Amino acid sequence: MKKWTFLLVLALAVAAWMLPACRREKPAGRTALQPNILVIMSDDHAAHAISAYGSRLNATPQIDRIAREGMLFANCFCTNAICAPSRAVILTGRYSHLNGVRDNAVAFDGAQTTFPKLLQKAGYQTALIGKWHLKSDPTGFDYWTVLPGQGEYYNPDFIEMGVRKRREGYVTDILSDLAVDFLERSRDPSRPFLLMLHHKAPHRAWQPAPRHLNLFDEADIPLPETLFDDYSGRSRAALEQEMSVKDHFREETDLKMGPPPERLNAEQREIWEKAYGPKRAAFLQKRLAGRELVLWKYRRYMEDYLGCIAAVDESVGRVLDALERSGASENTLVIYTSDQGFFLGDHGWYDKRFMYEESLRMPLLVKLPGSIPAGSVNDELVLNLDFGPTFLELAGVPVPADMQGRSFAGLLFGQKAGDWRKAVYYHYYEYPAVHMVKRHYGIRTRQFKLIHFYHDIDAWELYDLEKDPEELMNVYEDPAYLEARRELAAELLKLQGVYGDPPELARKFVHEDLKR
Ligand code: CA
């Protein structure tokens with residue numbers, strides 16, 4: 001018996017040792033084992049500006065291709081709706097308080113375990129192109145070229161493997177060129193690849209490609225139902241933010257009202273005059289005020305935001321086409337997502353941060369031909385925390401025990417996950433800071449959302465998402481919801497325990513931040 005056990009162990013060890021070699025020699029047979037992984041992530045692209053998600057604002061035919069050929073996640077959420085923190089969560093599969101990036105001011109500690117590092121170790125060729133926004137240099141990538149900080153839309157600088165260089169053109173197009181070049185020329189066909197293509201667009205200050213500057217001039221842009229929200233029925237956190245369409249746009253850069261920035265050259269100035277000159281003139285002639293002014297600002301915001309997305313959509317088409325030409329499409333997992341959602345005039349706001357639906361929700365579209373059912377929709381509660389574990393499982397790489405996300409690979413293949421999570425935990429920290437969204441944590445289930453705002457406020461909000469999907473009426477004090485409130489509070493405490501983020505810890509961070 002012992003001899004056979006020994007032989008079995010030996011045989012398995014030999015097989016395990018030989019497996020990576022077989023994969024390298026036989027890329028065509030790799031399909032089920034180690035798919036290529038192409039992550040296309042934009043910045044601040046709300047799901048409700050994607051036609052596959054039912055956008056009333058725009059059409060995104062290329063992004064929709066991924067939904068048509070794969071799966072749309074109807075309930076994907078982030079754990080902290082702001083740029084750098086979401087990116088750190090995706091890389092590490094760990095919450096902000098553990099990966100260290102609680103807000104945009106902190107540099108990511110690149111010595112941490114990340115899924116790209118683990119894929120690299122497993123034989124993947126790893127590449128990162130585009131926005132990084134984590135201050136420290138990327139780690140775990142064979143090749144990387146990133147935009148410094150937020151990056152520029154026009155003629156952006158890049159840092160390529162540590163060397164700074166400027167590239168001429170429009171940022172989204174340049175990133176597409178780099179990705180296409182990787183897929184068609186730089187990729188090592190004997191190995192699976194991970195390519196992370198991170199767009200800057202459609203981040204503020206929403207500067208479209210010159211060819212899209214007037215794309216929405218004549219478009220019918222419907223108003224969000226909550227554009228004139230007065231925040232009654234909620235805590236003062238919603239009232240006291242600084243991200244309203246009415247009051248907080250910068251005239252010069254957001255609305256493009258003033259003279260163009262000093263650094264524009266004659267050619268750029270001409271483009272600006274052509275695109276924005278008439279809009280500014282219309283504004284000045286009509287002397288808009290009150291409600292009319294808010295409508296005008298909303299329209300200006302949407303024209304540029306949607307204009308930026310038009311180039312992202314074209315980019316997705318170009319990259320998918322290049323993938324098909326390269327012959328790798330059949331064995332490549334493609335995902336389209338954004339680091340968080342965004343308010344598109346909803347509640348009278350732009351930006352993100354709040355745990356309310358528009359910013360909490362991330363678009364997530366995934367395709368892998370032959371494995372993920374085409375045109376499928378999944379409505380389980382998945383998180384950006386789950387991305388890393390999912391990629392690792394698909395690559396056959398063990399998920400480290402300290403990654404807190406859960407692989408949704410089974411969901412991708414149409415399996416029912418009866419014990420999938422019933423609530424998601426959220427924690428936002430960046431306050432006091434730009435936009436002045438107060439610190440809060442909370443949980444969301446299918447029906448409810450419970451939020452606690454803290455720091456210079458101590459306020460609870462409870463929403464019944466079935467009866468009040470716009471989250472306009474806080475029912476925390478409503479006796480009819482007492483039982484639900486108790487159950488949610490218990491679940492919240494449980495999740496804070498599971499993720500190692502008890503309220504005392506949150507308070508400790510507040511004190512640390514007050515000192516820095
Ligand atoms: Ca973002």
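Student: Which residues does Ser 376 touch, not counting residues up to four places away in sequence?

Tutor: Contact means heavy atoms within 4.5 Å. Here Ser 376 touches Gly 70, Met 71 and Leu 72. A word on the source: this is a predicted model, where local features need pLDDT of at least 70, side-chain atom pairs count only at pLDDT 80 or more, and totals for chains, interfaces and linings use all residues. Residues are numbered from 1 along each chain as its sequence is written, and side-chain values use heavy atoms, with hydrogens and water left out.

Student: Is Ser 376 buried or exposed?

Tutor: Buried means under 20% relative accessible area, exposed over 50%, and partly exposed in between, using a 1.4 Å probe and protein chains only. Ser 376 has 16% relative accessibility, so this residue counts as buried.

Student: Which residues coordinate the calcium ion?

Tutor: Donors are N, O and S atoms within 2.8 Å of the metal, or 3.2 Å for Na, K and Ca; water is not among the atoms, so sites may look incomplete. In this model, Asp 43 (OD), Asp 44 (OD), Cys 83 (SG), Asp 339 (OD), Asp 339 (OD) and Gln 340 (OE1) coordinate the calcium ion at 2.2 to 2.7 Å. Along the chain, these donors follow the spacing D-D-x38-C-x255-D-Q.

Student: Are Cys 83 and Asp 339 buried or exposed?

Tutor: Cys 83 is buried, at a relative accessible area of 1%. Asp 339 is buried too, with a value of 0%.
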